[in-house]
There are 2 protein chains.
Amino acid sequence: MQRTEISTLGEFGLIKHLTEKFKITNPSTVKGVGDDAAVLHYPDKEVLVTTDLLLEGIHFDLVYTPLKHLGYKAAIVNFSDIYAMNGQPKQITVSLGISQRFSVEDLEQIYEGISTACQLYGVDLVGGDTSASLTGLTISITCIGEGAKGKIVYRNGAKTNDLICVSGDLGSAYMGLQLLEREKIVFEADPGTQPDFEGKDYILQRQLKPEARKDIIQKLAEKEIIPTAMMDISDGLSSELMHICSQSNTGCRIYEDKLPINIQAAMMAEELNISIVTAILNGGEDYELLFTASLEDYEKIVTLEGVGIIGHMTKPELGLHLIGREGEEIELRAQGWNSLK
Amino acid sequence: MQRTEISTLGEFGLIKHLTEKFKITNPSTVKGVGDDAAVLHYPDKEVLVTTDLLLEGIHFDLVYTPLKHLGYKAAIVNFSDIYAMNGQPKQITVSLGISQRFSVEDLEQIYEGISTACQLYGVDLVGGDTSASLTGLTISITCIGEGAKGKIVYRNGAKTNDLICVSGDLGSAYMGLQLLEREKIVFEADPGTQPDFEGKDYILQRQLKPEARKDIIQKLAEKEIIPTAMMDISDGLSSELMHICSQSNTGCRIYEDKLPINIQAAMMAEELNISIVTAILNGGEDYELLFTASLEDYEKIVTLEGVGIIGHMTKPELGLHLIGREGEEIELRAQGWNSLK
């Protein structure tokens with residue numbers, strides 16, 4: 001494979017090379033890459049802003065993460081935060097810190113992933129920063145989106161008796177990560193072996209190339225459901241439920257037999273002797289939506305494809321509990337992903 | 001000095017601890033820190049977005065950079081980009097990647113600097129991300145601001161014969177950096193020595209605690225001057241002039257005897273045997289404003305305190321030149337700060 005040194009292009013040449021293929025598609029983007037700041041126009045909407053910092057060795061391992069997927073995921077996790085406000089992502093800025101280990105071709109791969117995500121989700125690249133780094137790869141993405149006035153969904157609006165709903169399945173991204181980590185150890189012990197990924201495509205995809213639930217936000221709008229509170233699940237169900245309960249001043253009860261389990265994830269959990277329920281509660285990185293809704297919306301929600309009701313909110317003094325298959329109450333604790341611990 | 005390990009607070013505890021003192025002051029900030037995204041309201045303005053990534057060892061050296069100043073500067077450089085669009089900064093997000101070397105008290109210092117800058121410039125902290133890092137300190141700041149429709153100033157609007165203007169003086173931040181680097185080498189050779197900073201306070205301040213030229217933007221508005229093109233000078237005068245000329249399709253002539261020199265910077269340049277003109281052209285980090293204005297605004301501009309006219313734009317085929325004291329023509333080249341070279 002060809003290797004072009006970044007120094008041959010210089011900072012401005014590199015930015016131009018990487019960004020010139022990106023086309024502006026949103027009317028809210030007045031001016032994108034190329035000036036001191038991007039210019040956006042949001043006369044009739046609320047502006048949503050979210051940001052994520054991804055560091056090599058902490059958030060991703062380049063041993064098993066293709067750069068194209070990394071770029072895709074870095075964009076997706078930001079889009080997901082905007083959807084979690086009941087908004088639509090519209091613009092991103094991308095800042096990269098890159099060590100000498102990376103070539104122009106490597107950066108092209110990252111930007112190809114970002115470009116694919118942007119095209120699929122209708123988002124414009126409008127700025128960023130590119131810098132040398134002494135060590136490893138740093139990706140900082142900021143996403144700007146729009147929300148309709150009065151329809152933005154915060155974490156603090158859940159009420160006692162509200163339904164607790166989640167999209168898709170949970171724990172699969174975590175099981176995908178466990179599989180990749182296992183195969184990495186096997187490979188390091190014996191570089192001749194081929195990884196054993198047969199029948200595990202789904203959990204790998206959930207870890208390496210997750211999607212943001214644009215479709216769920218659209219379905220909620222079509223059915224005229226405005227959740228009372230919403231978050232995306234990046235740290236694990238327990239941690240996110242604790243945020244919503246704490247900010248809404250409620251407790252909650254969720255039911256083990258209602259938790260959305262994928263069969264590949266469950267088999268992987270069994271193979272690795274991990275509890276799939278623990279993976280669901282504390283695994284993280286599924287980027288599914290967790291939301292609460294008024295009981296009045298029950299009839300609409302049960303017809304929502306890809307959404308399950310897993311429990312309900314309670315008075316705050318009842319605490320946060322998982323109800324097991326035998327009816328036992330287990331207190332929820334946040335053991336979600338926390339890079340600082 | 002007390003040292004509190006970051007792990008004792010955890011990710012969410014740390015964010016809360018660092019951000020709870022920040023108060024929201026702008027009506028455009030609907031919701032700040034604490035949800036998936038911040039919510040902003042810009043019904044009558046254009047939204048400006050800029051972002052900067054600062055990496056330890058590349059953009060700053062903690063041997064001589066106090067953390068409080070680092071936080072201040074990291075915020076200021078982003079504000080400066082918004083002013084350079086003829087806008088007003090209103091919100092920032094702050095993402096930090098921090099290695100185990102840093103304590104809670106260290107982060108408090110960084111945030112104190114950010115807070116001081118925010119208060120002074122009227123900017124709200126509305127979000128961010130905090131993560132462990134394997135190596136060193138990473139700071140990624142995104143700044144959002146507002147600009148009046150029709151009054152935003154881009155890099156591409158300069159015309160032949162427009163005046164070229166700069167605020168303040170140039171080269172001082174670079175001379176401050178050279179001084180700090182010299183004293184670092186002296187200190188490393190003999191840790192017993194005290195640095196010799198007497199009479200050098202101005203150039204040190206220009207390097208360690210620069211300001212963004214909010215005052216100049218205000219004066220331009222008061223005098224009803226809308227520059228035809230504008231940038232802030234972060235990479236050096238030559239590099240920025242090349243951006244404006246290239247995007248505006250013009251050439252330029254600037255005059256050596258019009259370049260704004262500070263006496264401390266000039267003395268330091270002499271002491272270190274560096275040409276002060278080279279420092280001005282290629283030094284960078286002054287965060288002064290470079291703008292072009294129509295000849296019709298000449299009378300207004302000459303009365304603008306803190307702004308000097310250094311030359312004029314020409315037809316593109318005449319190229320970019322510095323006219324020396326003896327009338328000699330020197331072609332301008334970009335040797336600005338470029339971390340990727």
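A:Asn249 sits in the loop between α7 (237–248) and β9 (251–255) of chain A, where helices (H or I, at least four residues) and strands (E, at least two) are DSSP runs numbered from the N terminus. Its phi is positive, about 55°, even though A:Asn249 is not a glycine. This is a predicted model, so a word on cut-offs: local features need pLDDT of at least 70, side-chain atom pairs count only at pLDDT 80 or more, and totals for chains, interfaces and linings use all residues. Residues are numbered from 1 along each chain as its sequence is written, while chains are lettered from A and ligands numbered from 1 in the order in which they are written.

- A:Asn86 is another non-glycine residue with a positive phi, near 65°.
- You'll find A:Asn86 in the loop between α2 (67–83) and β4 (88–98) of chain A.
- A:Asn86 counts as buried, having 23 C-beta neighbours inside 10 Å.

**How the two chains meet**

- On chain A, 57 residues are in contact with 57 residues of chain B (contact means that the C-beta atoms, placed from the backbone, lie within 7 Å).
- Strand β3 (residues 46–55) of chain A gives the most to the side of chain A that touches chain B, namely nine residues.
- Sorted by class, that side of chain A has 26 nonpolar, 20 polar and eleven charged residues; Ala, Val, Leu, Ile, Met, Phe, Trp, Tyr, Cys and Pro count as nonpolar, Asp, Glu, Lys and Arg as charged, and the others, Gly among them, as polar.
- Of the interface residues of chain A, 100% are also interface residues in chain B, so the copies meet through the same surface.
- β3(A) and strand β2 (residues 38–41) of chain B run antiparallel, joined by four bridges (strands pair if DSSP finds at least two bridges between them).
- A:Glu46 has B:His41 as its bridge partner in β2(B).

- Six strands make an open sheet with mixed pairing, in the order β1(A)-β2(A)-β3(B)-β6(B)-β4(B)-β5(B).
- At its edges are β1 (29–31) of chain A and β5 (124–132) of chain B, each pairing on one side only.
- From one strand to the next, the twist averages 20° (axes are lines fitted to C-alpha atoms, for helices over the stretch in contact, and angles run from 0 to 180 degrees between N-to-C directions).
- Nine bridges link strand β4 (residues 88–98) and strand β6 (residues 138–147) of chain B in the antiparallel sense, and B:Pro89 has B:Gly145 as its bridge partner in β6(B).
- Helix α2 (residues 67–83) of chain B packs on the sheet, touching β3 (46–55), β4 and β6 of chain B, and its direction makes about 30° with that of β6(B).
- Helix α3 (residues 104–121) of chain B lies across β4 and β5 of chain B, at about 175° to β4(B).

- A:Thr138 lies in strand β6 (residues 138–147) of chain A and counts as buried, with 25 C-beta neighbours inside 10 Å.
- Leaving aside neighbours within four places in sequence, A:Thr138 has contacts on both chains, including A:Leu55, A:Leu96, B:Leu53 and B:Thr138.
- The largest nonpolar core has 204 residues, and those with the most contacts inside it are A:Ala75, A:Ile114, B:Ala75 and B:Ile114; such a core is a set of buried Ala, Val, Leu, Ile, Met, Phe, Trp, Tyr and Cys residues joined through C-beta atoms within 7 Å.
- Beyond its neighbours within four places in sequence, A:Ala75 is in contact with A:Ile92, A:Ile114, A:Ala117, A:Cys118 and A:Ile141.

**The seven-strand sheet of chain B**

- This open sheet runs β8-β10-β7-β11-β9-β12-β13, with mixed pairing.
- Strands β7 (residues 163–167) and β11 (residues 307–314) of chain B run antiparallel, joined by five bridges, with B:Ser167 opposite B:Val307 in β11(B).

Key: Two residues are in contact if their C-beta atoms, placed from the backbone, lie within 7 Å. A residue is buried if 20 or more other C-beta atoms lie within 10 Å of its own, exposed if 12 or fewer, and partly exposed in between; C-beta atoms are placed from the backbone.
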